[in-house]
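Hi everyone, thanks for making the time today. I'd like to walk you through one protein model, going from the overall picture down to single residues.

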Amino acid sequence: MGDARVTIIETPERFAELRDEWNVFVRQRRASPFSTHEWLSTYWSVYGTGARLCVVLVRDGNGQVIGVCPLQVRSRGVAGIEVATRAAFLGAPLTDIQDVLMVPGREAEVLGLIVDAVADQ
């Protein structure tokens with residue numbers, strides 16, 4: 001514990017590089033098809049305009065993925081001034097099931113790292 005590190009993926013190209021590793025992790029978690037790389041990347045390519053990609057990836061000290069949180073960030077402004085920023089799951093509001101995926105037993109650590117990383121954005 002405590003050896004985990006966070007990476008924020010902000011481009012579709014970087015996200016695409018994770019496809020195989022992402023899908024293995026999704027299968028290991030027995031997650032919904034809405035968590036697959038294909039679903040999320042397709043959603044982003046169609047609906048991502050005007051948003052910022054913010055995929056949070058947590059790895060342990062050995063480089064193994066222990067948590068993923070696919071987000072999109074949208075800002076709203078008035079008269080050219082940004083007044084609000086909102087993070088939502090990638091796929092919202094169209095995707096039925098959205099989730100943070102984590103290795104069992106490391107949930108508190110992973111969630112803490114994800115919250116800290118997103119707050120720093």
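I'll begin with how to read the model, then move on to the fold, the inside, the charged pairs and a few local details.

What you see is a predicted model, so local features are given only at pLDDT of at least 70, side-chain atom pairs count only at pLDDT 80 or more, and totals for chains, interfaces and linings use all residues. Residues are numbered from 1 along each chain as its sequence is written, and side-chain values use heavy atoms, with hydrogens and water left out.

Let's start with the fold. The protein has four helices and five strands. Helices here are DSSP runs of H or I with at least four residues, strands are runs of E with at least two, and both are numbered from the N terminus. If you trace the chain in order, the pattern is β-α-α-α-β-β-β-β-α. The radius of gyration is 14 Å, close to the 14 Å that the globule rule gives for 121 residues, so the protein is as compact as a globular protein of that length. For that comparison, the radius is taken over C-alpha atoms, and the rule is 2.2 Å times the number of residues to the power 0.38. Along the principal axes, the C-alpha atoms fill a box of roughly 45 × 30 × 25 Å.

Contact means heavy atoms within 4.5 Å.

Now for the inside. Of the 121 residues, 40% count as buried. Buried means under 20% relative accessible area, exposed means over 50%, and partly exposed is in between, using a 1.4 Å probe and protein chains only.

His37 sits in helix 3 and is buried, with a relative accessible area of 3%. Its side chain reaches the backbone oxygen of Phe15 at 2.7 Å. Beyond its neighbours within four places in sequence, His37 touches several residues, including Phe15, Leu18, Trp22 and Thr42.

Val26 is another buried residue, at 3% relative accessibility, and you'll find Val26 in helix 2, residues 19–28. Setting aside neighbours within four places in sequence, Val26 is in contact with Ala31, Ser32, Ser35, Thr36 and Leu101.

On to charges. Side chains of opposite charge can pair when their charged atoms come close. How many salt bridges does the structure hold? There are seven, where a salt bridge is a side-chain nitrogen of Lys or Arg within 4 Å of a carboxyl oxygen of Asp or Glu.

One of them links Arg14 and Glu17, at 4.0 Å from N to O. Arg14 and Glu17 are three residues apart in helix 1, residues 12–17, so about one helical turn separates them. Arg14 is partly exposed at 38% relative accessibility, while Glu17 is exposed at 62%.

Arg19 forms a salt bridge with Asp20, with the closest N and O atoms 3.0 Å apart. Here Arg19 is partly exposed at 40%, and Asp20 is exposed at 52%.

Are Glu109 and Arg106 buried or exposed? Both are buried, and their side chains meet in a salt bridge at 2.9 Å, N to O. Salt bridges that share partners join Asp3, Arg106 and Glu109 into one network.

Last, some local details. A cis peptide bond joins Ala92 and Pro93, with omega about 0 degrees. Pro93 lies in the loop between strand 4 (81–89) and strand 5 (101–102).

Arg30 is in the loop between helix 2 and helix 3. Arg30 has a positive phi of about 55 degrees although it is not a glycine, and it is exposed at 78% relative accessibility.

That's my tour, and I'm happy to go back to any residue you'd like to see again.

Key
Polar contact = N/O pair within 3.5 Å; in protein donor to acceptor, adjacent residues only side chain to side chain.
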